[in-house]
Amino acid sequence: MINIGVIVGSTRPGRKAPDVANWVLDIAGMRGDAAFELVDIADFNLPLLDEPVPPSMGQYSQPHTRTWAAKIAEFDGFVFVTPEYNHATSGALKNAIDFLYKEWNHKSAGFVGYGSVGGARAIENLRLVMGELMVADVRAQVMLSLFTDWENMKTFNPAERQVDAVDAMLDQVVQWAHALKTIRPELPPVAAEVAPPQGRRVGGSA
Ligand SMILES: Cc1cc2nc3c(=O)[nH]c(=O)nc-3n(C[C@H](O)[C@H](O)[C@H](O)COP(=O)(O)O)c2cc1C
């Protein structure tokens with residue numbers, strides 16, 4: 001079974017990200033081609049990157065890094081739910097991404113962005129980052145508008161066509177997750193002191 005992590009890319013009080021991520025999970029739960037789990041970076045209490053050695057060296061010294069690494073290692077692909085902050089992704093999501101390296105490599109990723117122009121610039125920003133992490137980011141993407149997919153910018157009520165956009169993106173993420181699994185080396189298990197938090201899960205047998 002393919003495992004896909006749906007990453008909640010905002011941590012601020014009053015954030016819109018959980019509504020969006022849970023909606024993605026609702027749609028994913030109707031598919032049956034993979035297991036999907038919500039991964040809320042806020043649950044991992046990551047400080048600003050505090051690892052003395054670059055993550056690409058794989059020498060994680062901090063308990064919070066190992067807990068985060070153990071969670072990300074569980075997945076074959078990702079959906080990044082990203083707000084747009086100053087024409088980029090959120091600092092919190094970029095920081096969470098920067099903590100790890102091998103756990104991201106040779107996996108697939110799709111994006112659900114939101115903002116005044118559908119979070120397009122945040123998604124483009126993340127695509128640059130994915131290349132360095134050897135993550136295969138798919139073409140199909142979901143762009144939610146603060147003006148038309150929320151009522152009064154407060155209540156999430158996405159347009160019907162956005163459901164098709166989510167499914168098109170998930171089709172590609174799952175397909176590439178299968179392909180990349182065949183070339184990905186088995187990683188040694190991460191010695192996390194505590195079991196990483198488990199988010200809401202849909203699909204699959206687990
Ligand atoms: C620091 C900051 C910068 C922002 N910059 C942009 C921006 O450049 N473009 C945009 O479309 N929206 C921008 N917004 C609006 C956010 O997209 C909107 O507030 C969204 O709800 C943020 O996601 P969140 O609620 O999950 O944190 C910004 C919001 C914040 C807090």
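Predicted model: local features only at pLDDT ≥ 70, side-chain atom pairs only at ≥ 80, totals over all residues.
Start with the ligand. Around it sit 13 residues, and the ones that come nearest are S10, R15, P83, G115 and S116.

Two packed helices are described by the angle between their axes and the distance between the axes. For helix α1 (residues 17–28) and helix α5 (residues 161–181), the angle is about 70 degrees and the axes lie 10 Å apart. Angles of 65 to 115 degrees count as roughly perpendicular, so α1 is roughly perpendicular to α5. On the α1 side, V24, I27 and A28 make the contact, and they meet V163, V166, D167 and L170 of α5. Sorted by class, this contact has six nonpolar residues, one charged residue and no polar ones.

Helix α3 (residues 91–98) has A92, L93, A96 and I97 buried. Looking down the axis of α3, these buried residues fall within an arc of 135 degrees, so they line one face of the helix. Among the elements covering them are β3 (77–83) and α4 (120–132).

Helix α4 has its own buried residues, namely A122, I123, N125 and L126. Down the axis of α4 they fall within an arc of 160 degrees, so here too they line one face of the helix. They pack against β3 and β4 (107–115). On the other side of α4, L128 and G131 are exposed. Just after α4 comes M134, with a positive phi of about 55 degrees.

Technical notes
Residues numbered from 1 in each chain as written. Near = placed C-beta within 6 Å. Axes fitted to C-alpha atoms, helices over the stretch in contact; angles between N-to-C directions. Helix = DSSP H or I, 4+ residues; strand = E, 2+ residues; numbered from the N terminus. Parallel < 35°, antiparallel > 145°, perpendicular 65-115°, else oblique. Contact = placed C-beta atoms within 7 Å. Nonpolar A, V, L, I, M, F, W, Y, C, P; charged D, E, K, R; others polar. Buried ≥ 20, exposed ≤ 12 C-beta atoms within 10 Å, placed from the backbone. Arc of directions from axis to C-beta.
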